[in-house]
Protein chains: 2
Amino acid sequence: MAAHGADAGGRVTITEIARRAGVSVPTVSRVVNGRSDVSPRTRARVEELLRRHGYRKRPTASPSRAALLDLVFNDLDSPWAVEIVRGVEEAAHGAGVGTVVSAIHGRSGDAREWLRNLRARASDGVVLVTSALEPVLHEELRILGVPIVVVDPAGSTALDVPTIGAANWSGGLAATEHLLALGHRRIGLIAGPPRLLCSRARLDGYRAALEGSGTAVDASLVVPGDFRPESGFAGCNTLLDLPEPPTAVFAASDQMALGAIEALRRRGLRVPEDMSVVGFDDLPEVRWSAPPLTTVRQPLADMGELAVRTVLRLARDEPPDSPRVELGTELVVRASTAVPAKRG
Amino acid sequence: MAAHGADAGGRVTITEIARRAGVSVPTVSRVVNGRSDVSPRTRARVEELLRRHGYRKRPTASPSRAALLDLVFNDLDSPWAVEIVRGVEEAAHGAGVGTVVSAIHGRSGDAREWLRNLRARASDGVVLVTSALEPVLHEELRILGVPIVVVDPAGSTALDVPTIGAANWSGGLAATEHLLALGHRRIGLIAGPPRLLCSRARLDGYRAALEGSGTAVDASLVVPGDFRPESGFAGCNTLLDLPEPPTAVFAASDQMALGAIEALRRRGLRVPEDMSVVGFDDLPEVRWSAPPLTTVRQPLADMGELAVRTVLRLARDEPPDSPRVELGTELVVRASTAVPAKRG
């Protein structure tokens with residue numbers, strides 16, 4: 001077991017130096033890399049600590065070394081996952097780095113075993129998707145001195161690691177504004193799990209669009225979901241059973257949108273003639289749903305790619321370009337949305 | 001560079017011993033592992049060669065070692081791929097082995113770089129999907145002494161490595177028999193690329209079912225596809241434009257089935273009322289296509305799992321249970337098939 005503040009090779013980490021100097025990690029990194037944008041006083045204090053603790057820069061991955069990074073999911077059972085794997089593998093391969101893919105199923109036993117193996121194979125960095133780890137394991141990773149980047153952060157932004165997400169609020173806004181522009185006024189939302197930041201941001205984007213157009217937010221039109229198709233199916237049925245059902249549904253994931261379309265089909269209702277449906281993600285498969293889905297494109301592969309670039313920067317003790325990045329989302333209009341049906 | 005017939009550590013490989021003794025690899029393996037089912041004469045010849053070449057058994061992966069296996073695709077752009085990743089990761093994780101996922105995009109430059117990295121990180125085994133490598137690279141892997149298993153072999157079965165496929169012929173038979181049992185007699189087939197073994201087997205299963213029921217095979221009802229949705233869309237349109245279109249379509253992949261359903265939707269035709277559609281794969285998403293797809297389940301995750309077990313056996317110099325395995329396929333009946341529509 002490595003001592004606190006030292007990495008697997010017994011070296012003190014830059015994070016530990018930053019903590020002792022009372023400055024940020026990027027500041028220490030600037031000193032280590034000889035940058036000029038640090039005050040002389042801070043530089044002196046950091047350099048003293050670096051000397052005292054015998055800090056040595058992590059060796060830059062060289063082509064002769066078998067570099068590896070770890071990509072960790074909770075589960076691999078969503079088409080969502082393969083998009084991120086694709087982006088990470090491509091960027092890592094381009095940098096001559098192998099990608100070790102793991103799923104820890106939210107089980108701490110699996111996570112601990114993964115952590116043991118990670119140490120044994122001397123991984124150069126970890127990309128965590130939706131922060132699959134408990135805080136205690138985050139801390140263990142930090143002690144190992146392995147750089148971490150979180151893609152699609154699940155909860156608090158207080159994590160002491162760079163995060164890469166998507167512009168979820170803007171996406172929720174764009175989806176809802178699209179339906180408003182078509183003339184819809186009663187717009188249902190099948191929301192994601194409220195414990196996830198991305199769900200809350202999409203919901204707030206939906207509300208902001210309605211408020212921006214002077215449309216009252218009707219709480220009965222917001223139903224819960226868990227991003228899986230089953231919950232989209234159930235949520236859409238709940239909306240259809242309202243005394244005054246909506247004329248359009250925004251599902252906060254593509255998979256829920258597919259479930260909603262199936263609920264409509266079973267009642268003999270057509271999309272978009274009887275009901276418009278918008279999704280969120282733009283998974284490859286929804287180009288071929290029946291009908292092809294209007295959705296908000298989340299750049300999952302790009303998020304994976306940026307995560308690799310960031311984690312490799314950290315491995316070279318360079319600071320990330322920004323500790324909090326949100327990549328843009330984009331509305332993709334296909335065949336599942338239209339002007340509202342006239343009600344008889 | 002390792003010498004021919006020696007592995008990365010300069011040890012002679014079991015494959016090389018087998019070649020020199022003029023026996024199979026499993027036979028040498030039986031001798032190495034002290035099994036009794038080898039003739040005394042063969043045993044003597046093999047033992048002499050083992051001694052002469054100073055053969056040492058590969059060390060069994062121990063928990064303290066950071067074991068890795070490589071999972072190699074041509075491309076990661078299909079939902080098909082994630083199913084295999086899931087099965088491989090789960091089995092490998094269970095064995096304490098990390099899974100390095102790579103896509104080589106059919107480019108020999110990518111493949112060579114992957115091979116260089118594989119050597120540097122001392123991978124314990126390779127699972128190749130649809131045999132992503134050119135023969136020359138297969139030979140280089142063989143020289144490195146890294147065990148290989150091919151999942152879903154693309155072409156010739158003459159490969160000198162164990163292969164794990166699905167019962168494609170039986171699946172094609174079951175899909176077509178299901179449509180015949182519903183009363184369909186004009187059944188279209190959107191076939192896969194003829195250079196792939198799995199495509200040819202599915203086509204032959206389709207023909208065998210028709211012949212078994214005394215239904216003539218009409219060549220105009222078989223149209224080409226490439227497993228992608230676009231080709232299912234185009235193929236279905238070709239079938240619909242025939243003077244006498246079929247009443248049912250068997251698409252040799254789920255993605256082509258989704259393309260076919262969209263072609264039908266665009267013409268205002270309903271599935272299954274106006275046309276039955278059967279797919280092949282049972283990807284998770286087709287449970288939520290509109291309508292949910294009747295399809296042939298290919299046990300992709302199980303195939304990945306068995307590949308891991310086999311490659312780890314080979315890494316311990318044990319022979320595979322069988323060098324050619326086909327896992328069973330199974331018809332899953334959902335809502336996209338029904339009795340034929342009455343024609344006016």
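A polar contact is a pair of N or O atoms within 3.5 Å; within protein, one must be able to donate a hydrogen and the other to accept it, and residues adjacent in sequence count only if both atoms are side-chain atoms. This is a predicted model, where local features need pLDDT of at least 70, side-chain atom pairs count only at pLDDT 80 or more, and totals for chains, interfaces and linings use all residues. Residues are numbered from 1 along each chain as its sequence is written, chains are lettered from A in the order in which they are written, and side-chain values use heavy atoms, without hydrogens and water.

**View 1. Polar contacts between chain B and chain A.** Six residue pairs are in polar contact, both at pLDDT 80 or more. Salt bridges (a side-chain nitrogen of Lys or Arg within 4 Å of a carboxyl oxygen of Asp or Glu) number zero.

**View 2. The buried area between chain B and chain A.** About 3500 Å² is buried, 63% of it on carbon and sulfur atoms (accessible area, 1.4 Å probe, lost on being put together, summed over both). B:Leu76, B:His93 and B:Trp288 lose the most area in chain B, together 21% of what that side buries.

Methods: Buried area = accessible area lost by both parts, 1.4 Å probe.
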